Amino acid sequence: MPRTPDISVPDLTGKRAVVTGASDGVGLALAMRLAAAGAELLMPVRNPRKGKAAIARIHERSPDANVSLRELDLSSLDSVAALGETLRDEGRPIHILVNNAGVMTPPHRQSTADGFEVQFGTNHLGHFALVAHLLPLLRAGRARVTSQVSVAARSGAVNWDDLNWKRSYDGRRAYGQSKIAFGLFGLELERRGQAGGWGITSNLAHPGVAPTSLLAARPEVGRDHDTLQVRLIRALSRRSILLGTVDTALLPALYAATSPGALGGRLYGPDGVGHLGGAPAEQRLYRPLRDPENAARVWRASEELTGVSFPTSEAVPPPR
């Protein structure tokens with residue numbers, strides 16, 4: 001039987017880590033590893049019941065883990081702003097932020113509370129606003145910001161003429177756009193952070209393909225049954241055929257967020273065939289992520305759509 005890949009994690013005692021989407025799947029597995037390494041772990045969740053169950057699982061593995069919940073619905077800019085205000089009021093530096101939460105291919109077009117197509121609004125715009133609101137704390141912690149993209153960002157493009165897919169909805173293309181835009185943002189965050197002296201490091205990770213809940217039955221996104229795709233992924237994963245497991249899919253983000261060797265502006269993913277599974281390694285940026293002009297365009301559009309602005313000078317006031 002092939003050896004299961006793993007990495008060592010440095011001692012994170014005294015570090016404050018925030019992981020979105022940590023109540024199940026890759027996010028929960030990642031949260032377990034960060035907590036086990038000694039980090040003070042904050043889990044912003046939409047569903048408090050799932051969040052409490054996740055904390056119980058973390059404590060089963062690490063009884064002394066320092067972990068707590070906060071409220072967050074990434075599909076609501078008001079909820080994102082409220083979390084930002086809460087954490088700024090706490091006044092504690094953030095050392096690690098993993099933007100992991102996401103929604104994938106609802107069968108029909110859905111809108112967020114603010115009227116955005118739900119994948120673009122949740123996967124990208126919600127995280128964009130969250131980073132802006134937390135920037136003073138990220139700067140104070142000289143944070144590593146790791147944004148979780150997807151193999152879906154390997155191809156496709158941003159639908160500039162219809163960012164919210166109002167005229168013609170294609171769930172897979174809309175999902176790909178959300179991850180391309182999110183990746184472009186993560187790379188632009190690194191460029192602007194370096195140019196502005198913000199003191200943070202921003203990089204990207206992707207989990208490959210593993211049996212998570214993204215394609216499973218999720219009534220909240222209009223999917224009452226597991227997709228055929230996720231059933232196939234589970235079968236291949238159980239047999240260690242090409243794909244990863246949840247415990248291996250977390251590794252690229254864990255490496256990107258914690259390893260002294262992980263750099264800003266880079267993409268980390270599995271090193272196996274097709275980058276679908278395997279040990280974490282640096283990968284060449286996907287073609288849709290390589291254009292800095294598109295990254296700057298995504299940044300401007302995101303500020304306009306969310307009404308949240310990043311600083312343009314050394315001073316870092318709370319976002320509007």
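This is a predicted model: local features need pLDDT of at least 70, side-chain atom pairs count only at pLDDT 80 or more; totals for chains, interfaces and linings use all residues.
1. The chain folds around an open sheet of 8 strands, arranged in the order β3-β2-β1-β4-β5-β6-β7-β8 with mixed pairing. At its edges lie β3 (66-71) and β8 (280-283), each of which pairs on one side only. From one strand to the next, the twist averages 25°.

2. Helix α2 (residues 48-61) touches β2 (40-45) and β3, and its direction makes about 170° with that of β3. Helix α3 (residues 77-90) touches β1 (16-19), β2 and β3; the angle between its direction and that of β3 is about 135°.

3. Regarding the chain as a whole, the model contains 9 helices and 8 strands. Of its 320 residues, 54% are buried. Among contacts with a separation of 6 or more, 73% are between residues 24 or more positions apart. The accessible surface comes to about 13,900 Å², and carbon and sulfur atoms account for 49% of that area.

4. The structure holds 9 aromatic pairs. Which residues do ring pairs link into a cluster? They are Phe-128, Phe-182, Phe-185, Trp-198, Trp-299 and Phe-310.

5. A further ring is involved with a charged group: the charged end of Arg-297 sits over the ring of Trp-160, at 4.0 Å from the ring centre.

Terms used. Residues are numbered from 1 along each chain as its sequence is written. Side-chain values use heavy atoms; hydrogens and water are left out. Helices (H or I, at least four residues) and strands (E, at least two) are DSSP runs, numbered from the N terminus. Buried means under 20% relative accessible area, exposed over 50%, partly exposed in between (1.4 Å probe, protein chains only). Contact means heavy atoms within 4.5 Å. Accessible areas come from the Shrake-Rupley method with a 1.4 Å probe; for residues, only the protein chains shown count as cover. Rings of Phe, Tyr and Trp (its six-membered ring) pair if their centres lie within 6.5 Å; planes under 30 degrees apart count as stacked, over 60 as edge-to-face and the rest as tilted. A charge sits over a ring if NZ of Lys or CZ of Arg is within 6 Å of the ring centre and within 35 degrees of the ring normal. Two strands pair if DSSP finds at least two bridges between them. Axes are lines fitted to C-alpha atoms, for helices over the stretch in contact, and angles run from 0 to 180 degrees between N-to-C directions.
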